[in-house]
Amino acid sequence: MIEAVHFPPALILFAGAFLLPFLRGTPRHAIALAAPLLTLWAVWGVPDGVALGLPFMEYQLQVVEGDRLSRLFGTIFTIMAFTGTLFSLRQGSRLELPSAFVYAGGAVGVTFAGDMITMFIFWELMAVASTAVIWSQGGATAYRASMRYVLVHLFGGVVLMAGIVGVVAQTGSIEFGPMQTDSLATWLILIGFLVNAGAPPFSAWLPDAYPEASWSGTVFLSAFTTKTAVYVLLRGFPGAEILIPIGSYMIFYGIIYALLENDMRRILSYSIINQVGFMVVGIGIGTELTLNGAAAHAFTHIIYKALLLMSAGSVLLMSGGVRRCTDLGGLFKTMPYTATMGIIGALAISSFPFTSGFISKSMIAQGAADQRMFWVWMGLAAASAGVFLHAGIKYPWYVFFQKDSGLRLQDPPLSMKLSMGLFAFLCIGLGVNPEPLYAILPYPVDYVPYTTGHVVTMLQLLLFSGLAFFIMLPYMKRTLTITLDFDWLYRKLFRIAAREAAERSATAHTAAFEDAEKRLAQLIARIFRTHGPHGILARTWPTGSMVLWAAVLLAVSLLIYY
Amino acid sequence: MNALLPHLPALQVVVPLVAAPLCLLAGRGGLAWIIAFLAAAAATVTAAILAYQTLHNGPISYEMGGWAPPWGIEYVVDTANAFILLLVAGIATVVLLFCYTSVGKEIRAGRQHLFYCMYTLCLTGLLGIAITGDAFNVFVFLEISSLSSYALIAMGGQRKALTAAFQYLVVGTIGATFFLIGVGLLYMMTGTLNMADLATRIPAIQDSRPVLAAFAFITVGLALKAALFPLHLWLPNAYAFAPSGVSAFIAATATKVSLYVLLRFTFTVFGADIAFRNLSLNLVLLLPAVIAMFAGSFSAIFQRDIKRMLAYSSVAQIGYITLAIALASHAGIQAAMIHIFNHGLMKAALFCAMGCIFYRIGSTRIDQIAGLGREMPWTFAAIAAAGLSLLGVPLTAGFISKWYLVQAALQSDMWWLVVLIAVSSMLALVYVWRLVEALYFKEPPPGRGTVAEAPLSMLLPTLLLAGANIYFGLDTRLPIEMTDSAATLLLRGQVW
């Protein structure tokens, strides 16, 4: 038995982040790899209940409070930090890894926060640190993307804070536990959480910002922000019904936009929203099975999504920055290892039997079926096919097969291969033997993933959608657009009506964006006229006008007082 | 030492007051600096002891020259003004450390001792305003601090500093005159100038026109000195063209002291009942405060000079403070005082950092400072820490301010205010970001050679102030205990 840990496990990562800038070479690598492992040790040392309380403002914070759910997320976050570090050892930017450590530490901090103030502190820390991760890429696009990113997150943070202050004012308690969506304050908290989860209408920040990070930065980004949001939703709003439609929207939003996308990492970013959608639906259904499913899916998703992004990152690094599917292809011959890893990740995200995605996602679908939620179940099944199309086939096909792009890239260096190998091993290992994962889920599991029914349904779904992809392939090749496969999805499932709606919403999105952009430009111009250096509100005024204002204010006050 | 303890309230003002002419007599910059620094450090220690005493033993009354109030001048220290004293004296000391090198470069050698003389006089004035319990005495110290700050601003290197100082002089004099008219009217009606005495006499005649007029004159006069929108027009130029050290000192303290006097007069002298229920001061304050939050932030976004940008940001932040005062609740007063303190720390750190940059490249224009973040990493770190604090990111002092402000708004059931606060804090992100972007991401302007990090004697005080932003974000005991007690005292209405 490990001795009980009474300090925040995140501290180890913060200490690592502090040391890293001063180190180079082997000591740097050693510290970088040791810190996440030590944190993992600490995560498992946190006892149940409050392990550390600290006074802050007028409250007693519960900085460290452990339970099964915290440990589950703490585990995957630290494993992720370790593998991401291994992958990014060759990263040239000296800012990225320390930022990523603070970022990961923030995520671990949130999972052990027993009260809302602690949670919020780590939450905001993540926002700042993840922005720095995007920055580290350097260049104009990266920092403009990070600007938009931090604006969204700061907005989410203010909403969340207002909600927390409101709840604290109403209840007098800062305890972070399950809440009902029955007051404005709890709604604000929910909205603050959902902003980070990538829920509509705030989904766009994610595919906007993540692909602008470096080849290794995106790997870190994919894991923490959205999954921390899943964690806080699991803790704060299990069974909130509003989450079912929100999650469903996210699922389809992710699929549609991923299918339309050409940038390989943007495809994978959209698919994060799609995958988080599954988790959000699971939380919304709110039975023990689906909550377990959502938690397990977050666990497995972090692994296979990181694996996919690591394979994409390897391609990006070795090709010197080629990111568009249309410029890639045929890489499997010279990058067999990376291609294999990408395919394993793709199979896992498509929940192929005997991969980790299968044993987690099927829990959510089964939970929906148990609750007799036919449409939800139907939607999840349809979406599984969609996931297979955009992430399971489209990504590896266009990057590693398709045509010969003329690129002759080599497999990446050993440390990157090792990190991919580790996660590929976990993808398959957990798929073959899910028991170790099931054993640490928040609720006891009596779910059996490998029944004939589950496997056959899934295989049918996957085989048919795979078949469809390759039937449509000639059309795709000729036009180089990818609208056809999303056609297929909707023709099969919702017929023309849904297709109409999807296309319209896509155009409406663009139109609304353009319109909003134009209006914004006009608004800024107007504000500049009044507030700019020569605007009425900011120019240097003659002294007389100030005196006039003083007189006016005096007159007004006198009028009011009399 | 024990013999000195009872006289601490007097020493708080007398020590810097005596130091001022000594600085003048010293004749040389270096010696004058030592005198000024010792005086400011002594004032800080005095303020710290007073703060400790008031927090634990309650308010202290001191009769100047042994004349009993209400005839003599009474100095009264309670947690409210002890807190302000601590802020003013502490900032003055740290900024003085900064001044040694900064003033050495920005002010001609023959005039440096004059600078320190004015600086200590300004400190005397600000401390005097905070500590005195006599309404007319407030005016006297107001004039001492104002006149010396006009001179300090006029010492700025550009010729525009003269116009800025002149404008501030005219406007400041009007503000002080308004205040004096108000005090005169009160004296006419009550025959007393002692604040405690005034407070007992005003309720009986609260509906008489002279008292109402006095209230209007005093609030408007103080709003002018505190740069509440739309009476803020003097502030941007004054902060932008003053010498670096002066910007840091005045931005962090001068408007804050005026806001304290506003608190003192509305809550202690007139009483919350009269000021807010009968005279609806909240209406007069709320609208300008909200406009200030937005107009100040928008103006800040578009400024090309960073010191001007910070000045407009101050206008917006003063909006927050006034907003909190207008809520007229315990939580509101506490939020206002916490933000007075925290905002002082933020702006002192930021203006000092700008001073570091000005020292190296002789400009604070946004196109000139491009790319400096990599060449002056420690200055950049200070700007980043203070900037995060300005945004209200957790673990910085600004977060504590924001938390209490939102809490105060919610306790008054004003959700719409929370929305406005949230939106305007987004605007703060935009202008802080612009600063960071220029420093870190932009390419340096052509023709600028390599720039070294600021000298240690400037860097350390800057980092100290930036560190204070972090420290008071973690250990909140001092500001929260002081302001909690201060809010209780102010709301109780009866004096001290």
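**View 1. Contact between chain A and chain B.** In this predicted model, 42 residues of chain A are in contact with 49 residues of chain B, two residues being in contact if their C-beta atoms, placed from the backbone, lie within 7 Å. On the side of chain A that touches chain B, the elements giving two or more residues are H5, helix H6 (140-171), helix H20 (495-531) and helix H21 (543-561) of chain A. Helices (H or I, at least four residues) are DSSP runs, numbered from the N terminus. H6(A) supplies the largest share of this side, twelve residues. By class, the side has 34 nonpolar, six polar and two charged residues; Ala, Val, Leu, Ile, Met, Phe, Trp, Tyr, Cys and Pro count as nonpolar, Asp, Glu, Lys and Arg as charged, and the others, Gly among them, as polar.

**View 2. Helix H5 of chain A.** The 20 residues of H5(A) (residues 116-135) should span 28 Å at 1.5 Å a residue, and the end C-alpha atoms are 29 Å apart, which agrees; the expected span is 1.5 Å times one less than the number of residues. Because 19 of its 20 residues are buried, H5(A) is largely enclosed by the rest of the structure (buried: 20 or more other C-beta atoms within 10 Å of a residue's own, with C-beta atoms placed from the backbone).

**View 3. The two domains of chain A.** Chain A is divided into domain 1 (1-221) and domain 2 (240-505), with bounds from an automatic or database domain assignment. Their contact takes 28 residues from domain 1 and 35 residues from domain 2. On the domain 1 side, H3(A) gives the most, with ten residues.

Residues are numbered from 1 along each chain as its sequence is written, and chains are lettered from A and ligands numbered from 1 in the order in which they are written. In this predicted model, local features need pLDDT of at least 70 and side-chain atom pairs count only at pLDDT 80 or more, while totals for chains, interfaces and linings use all residues.

Conventions:
A residue is buried if 20 or more other C-beta atoms lie within 10 Å of its own, exposed if 12 or fewer, and partly exposed in between; C-beta atoms are placed from the backbone.
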